[in-house]
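The following note sets out points on the strand arrangement and on one residue examined individually. Please read each point alongside the structure.

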Amino acid sequence: NMRLKNVVVPDGSFNMQLIFIHSTRTNIYQETGTWLVQDGKIVETVKSDSNPTARTPRTITGRIIRAGAREFAVRWGISPDVYLWLKESR
């Protein structure tokens with residue numbers, strides 16, 4: 001099970017918390033970086049990552065499937081999976 005909270009500000013910078021829930025432990029990591037959206041694509045550059053095995057900086061490009069006021073869907077790299085972000089209700 002994986003959960004994440006991603007806060008993106010108007011200049012494209014982000015701060016993300018990733019929570020990986022395993023049967024015997026939970027791992028929590030923090031990432032910071034930037035998003036650049038252009039021509040239906042998104043380029044994510046991770047500048048820092050608290051996971052000690054992660055390499056930084058790293059960049060991945062995704063194709064935007066849909067974007068609206070309440071949700072944002074992306075297919076990253078060559079993965080067939082669609083990743084969906086939902087706007088948090090306040």
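1. Seven strands make up an open sheet in the order β1-β2-β3-β4-β5-β6-β7, with antiparallel pairing. Strands are DSSP runs (E, at least two residues) numbered from the N terminus, and two strands pair if DSSP finds at least two bridges between them. The edge strands, β1 (2-8) and β7 (83-86), each pair on one side only. Neighbouring strands are turned by 35° against each other on average, direction ignored; axes are lines fitted to C-alpha atoms, with angles from 0 to 180 degrees between N-to-C directions.

2. This is a predicted model, in which local features need pLDDT of at least 70 and side-chain atom pairs count only at pLDDT 80 or more, while totals for chains, interfaces and linings use all residues. Residues are numbered from 1 along each chain as its sequence is written, and side-chain values use heavy atoms, leaving out hydrogens and water.

3. β1 is joined to antiparallel strand β2 (residues 13-21) by seven bridges, and valine 7 stands opposite asparagine 15 in β2. Four residues lie between the two strands of this hairpin, and glycine 12 in the turn has a positive phi of about 95°.

4. β2 and β3 run antiparallel, joined by nine bridges, and form a hairpin with four residues between them. Phenylalanine 14 has glycine 33 in β3 as its bridge partner.

5. Asparagine 27 lies in strand β3 (residues 26-38). Its side chain makes a polar contact of 3.3 Å with that of histidine 22 (a pair of N or O atoms within 3.5 Å, one able to donate a hydrogen and the other to accept it; residues adjacent in sequence count only if both atoms are side-chain atoms).
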